[in-house]
Amino acid sequence: MFEETIIAISTPLGYGGLGIVRLSGKKSLSIAKKIFKPKKQKAKIKPLRPILGNLYDFEQKEFFEEAYLTYFPQPSTYTREDMVEISCHGSPIILEEIIRIGIKAGARHANPGEFTLRAYIRGRIDILQAEAINDIIQASSLKQAKISFKQLEGSLSRKIASLRKNIIHLLSQIEASIEFPEERLRISPKQILKTIENTIQGIKKLIESYILGKTLSKGLTLAITGRTNVGKSTLFNSLLERERAIVTPYPGTTRDYLQERTKIKDSIFSLIDMAGITTPSHPVEKEGIKRGKKLLSDADGVLLLFDTSQNETLEDFKLLKQCKNKKPLLLFNKIDLPLRMNKEKVKDQGKNLPSLEISALKGTNLEKLKAKIHKIFVPNQNQGEEVILHLRQKLLLEEILDCLRGGGRLLKEGYTEEIIAEEIRKIIPLISQLTGEIKADEIINDIFNRFCVGK
Amino acid sequence: MNTEDEYDVIVVGAGHSGCEAAYAASCMGLETCLITIHLETIAQMSCNPAIGGLAKGHLVREIDALGGIMGLLADETGIQFRLLNRSRGGAVQAPRAQSDKALYRQTMKTWLERIPHLTLFQGIVTEILVKGNKVTGVMTLDWNRVFGKTVILSPGTFLNGLIHIGLHSYSAGRANELASRELSDNLKKLGLKTFRLKTGTPMRLHKQTIDWKHFTPQPGDKKPIPFSFRTQKELENKIICYIGYTNSKTHEIIRKNLDKSPLYSGKITGIGIRYCPSIEDKVVKFPHHSRHQFFLEPEGMDTEEIYVNGLSSSLPFEIQKKILKSIPGLDQAKILRPAYGIEYDAVVPTQLYPTLETRKIKNLFLAGQINGTSGYEEAAAQGLMAGINAALKIKKQKPFILCRDEAYIGVLIDDLISKGVEEPYRLFTSRAEYRILLRIDNADKRLIKYGYRYGLIEEKEYEVFLKKQEKINKTMAFLQKEKIKTKSNETISLKDFLKKPEVKLENVLEYKKFKFNLTDEEIRHIESEVKYEGYLKKQEKEIARIRKIDKEKIPKEVDYGKIPGFTQEVREKLEKFRPQTIGEAKKIPGITPAAIVNLHVYLNIQKREKCST
């Protein structure tokens, strides 16, 4: 499976100024030579030197595109195999043509993530790094790209390594108490419990950061709500910077909700334009409102709109009360129209809630709004706090957490150390899926480094 | 003796390993010769006067279940008995006994002398005789040739031993006893890789020069538990051990004189044992400890010698005296034998098959300290296995290999041959993957069938075991069937009741009368089986799963060069040994678990690809 030479387009799909096709594997260079001919006929392909030439369809015997080719010999490449990069104009048609001829010349189309898989298999990167690279490729926001980069540098690996160390410490504490009953080490169950609880806290922090990671990679959901005809769809469109929702002067135009992804500052948001909450008259509307309520409660953030050109209504207050616990951002819309609303009264009801005056239609304060949305809804990323980006890692951490909790519970119930050890030892294969394997010798070494034992 | 006779098995060295080897081979009906430098020091305990402890006690029980002698002898010559970790569960309880050293030695000699097919012979072996790549016998220092089909080497610290006291050193296998110097060179010539290890022993003091009131007595158990399943006699505690502590004054003396330590001055090059650190090691490594514990243990009944467990040292005699002076109660103590450190040669154990036969020389087996281990029990276990396997080889029967999931002996040997050692290897219970399964209370259930199969366990002994098993099975069925109502008014079986951490079998008895008359041994076994039931079931499942993977075949035509992710070393080894199954691949020294996973995944992908095309 891994001795074949693979080929793939490595730039994103769609038209771009530049497109890159990569080859990896033993036959990279010989395949490249079949499909690429240097401009200067006598020119030789030298390692790490881009060379100008033409792509060549060896079946039709015709040149079809100008390109640069660079040859990267193994082992100092990403996959630790011979690699070739062909860069040309970023037209999907041309790029796909290169792939087609490449395959004719003996390459195989790479499976998704196969370059990274090879890098991992050949020991170029550890599994955490492999996952991080995948994230850079698919990063939908700049912040996420930055996090991925940081992870690539191994900061998450370091966190996991420290977790691994904690587990070894815990095990050596338990094992020392078992193996050296005559040495008065005074390792009480209470002490073991304390180590377990400290380790649990550390893992919990890591798991919490997963939630942050998820919101950053999938986007935060931001619901726009308000009674009918306060301009939700207008705001929706201006935040999306295009006409997505149908906007009319008539109340209840939006009967179902609309959801679109957009970038605000450097973060991805999933914006939801909700049906105005009102007494439904139509079954479709009824269903729309019902779904809207669910969306509202699931949303990461809420924008609550008011129409300042109208008197405040009971419905306004009802809505405010309803989503108060979601800490909504109050938006006083339509400030381009004469003011009729008693804003102070509304603000008074929504004490301590942030607010802003805007005109969605005219775009007044739209930039301010974006800044505010970003400030309020994007979770603060502490310096040095890494983000777990993968469900797989989170699930493993949760399993580890379960083992620790199980061990702690049994300890409290009066079970003895060797049973606790069985629970904690279950962590060893789990943690070796996150980082290097824990060997029996490491635990024994730790015992002898920390406890003065042996006669 | 007629040197032209050919033995089936020659055992070189009559320590704890050699004695078991010779015993096993001769009991299996093979003509055996046990060669030792001094017949008087057969089975001498070179260091502490004790047998057993955590993991070590487990080993002795296993040796006993297989029909070896260490357990019987430890019971016979024990003068104080304790079961360690009584407050914990059965899996981590282990017996430990103080032994009468002289009696142990003499009894072993008497027993061995009376075994048919076994010849004891005094001599220093200098050379292994080899024809082609097969052993033919040994040569002694006085030019006696002893011929044999197989040779088991168990020279212990005598293999090129070098004793250090302070900066002085001299060649010896034990204090003032001749070392075996030529043999080590001979092994190297035969192509075996050797390395240097270091261990040590504390001073022995005169009992009457110790002021005993300064020390805390540590008596034996009220109801001693024997090592051997076969011991019939009531065990008796005849002595008391005492506990004492060093102090800051002691530590200051040690620190000041570190330059006189062969270890810290760089004179000793062998790798020291962390598991039995010298007192200077402890002081250096744990500078914040204000005191270190030691034990005063009598060396026997007919001697006044006291072993100071915990004060092992290779500092000069003068400093040893000063150390004692700093400890109230030992300030007047007379040293009968100084403490010393000893360096010796060991053979890199990854050169062995799981049978303990060398890969290089056919029919040459190595057992005990020569394989890099430390401890009487570790040595004895290897001796027994080497003895059985040498016998089986001659009988042309299948070798006897214990798995990691069936015995600590399996863990020990597998660790040695697959991982090798960097410092003297000591067994710990935490080295076992299946600790809950490998208990002292089920050693017979796990292993006695093998002892019986090889004729090391007698018919009568085996019948006793079967009867015990029957009684246990009936009791288990009873516990499962009988129900009681708990305080919270819930109906549970006696078995489930017994599973609660604080409940003992005697508490269960309060509810329902047993008709079974159970021994303490049986009670401990039943408690373990019930309390660990959940874990045992899970571990058994896991073992079955792994065994299944182990049996998976590796196609003959597999090209290891095509499997990604192997290191050069792993690839070369697989190409050289060409294992037929995953299990065989695992057993090749230097093949890492990661490489096994890699191989397994690759083979499965191949299989799938084959199926889909």
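## The second largest pocket

In this predicted model, four helices of chain B each supply at least two residues of the lining of the second largest pocket: α2 (56-65), α11 (443-453), α12 (459-481) and α15 (520-531). The largest share comes from α12(B), with five residues. The lining has 29 residues in total, and those nearest the centre of the pocket are B:Pro226, B:Ser228, B:Phe229, B:Thr231 and B:Glu521.

The space in this second largest pocket amounts to about 900 Å³. Sorted by class, its lining holds 15 charged, 10 nonpolar and four polar residues.

In soluble globular proteins, nonpolar side chains tend to be buried together. The largest nonpolar core in the model comprises 100 residues, and the most contacts inside it are made by B:Leu112, B:Ile128, B:Leu153 and B:Ile409. Helix α9 of chain B (residues 376-394) provides the largest share of this core, 11 residues. Apart from it lies another core, of 57 residues, which includes A:Leu401, A:Ile444, A:Phe451 and B:Ala94.

The surroundings of B:Ile128 can be given in detail. Beyond its neighbours within four places in sequence, B:Ile128 is in contact with B:Val135, B:Gly137, B:Val138, B:Val151, B:Leu153, B:Leu183, B:Asn186, B:Leu187, B:Leu190 and B:Leu364. One of these partners, B:Leu153, is also listed among the residues with the most contacts inside the largest core.

## Chain A and the setting of A:Asn333

Chain A contains 16 helices and 13 strands. Of its 455 residues, 52% count as buried. Among the contacts in chain A with a separation of 6 or more, 67% join residues 24 or more positions apart.

A:Asn333 belongs to strand β12 (residues 329-333) of chain A. Is this residue, A:Asn333, buried or exposed? Because its relative accessible area is 3%, and buried means under 20%, A:Asn333 counts as buried. A polar atom of the A:Asn333 side chain lies 2.9 Å from the backbone oxygen of A:Val230. With neighbours within four places in sequence left aside, A:Asn333 is in contact with A:Val230 and A:Gly231, with A:Leu305, A:Phe306, A:Asp307 and A:Thr308, and with A:Ile358, A:Ser359 and A:Ala360.

Definitions and conventions:
Residues numbered from 1 in each chain as written. Chains lettered and ligands numbered in written order. Predicted model: local features only at pLDDT ≥ 70, side-chain atom pairs only at ≥ 80, totals over all residues. Heavy atoms only, no water. 1 Å grid on protein atoms, 1.4 Å probe; cavity = no way out; pocket = protein on both sides within 12 Å on 5 of 7 lines; lining within 4 Å. Points joined across faces, edges and corners; volume = space filled by probe spheres on them. Nonpolar A, V, L, I, M, F, W, Y, C, P; charged D, E, K, R; others polar. Buried < 20%, exposed > 50% of the residue type's maximum accessible area, 1.4 Å probe, protein only. Polar contact = N/O pair within 3.5 Å; in protein donor to acceptor, adjacent residues only side chain to side chain. Contact = heavy atoms within 4.5 Å. Core = buried A, V, L, I, M, F, W, Y, C linked by side-chain atoms within 4.5 Å.
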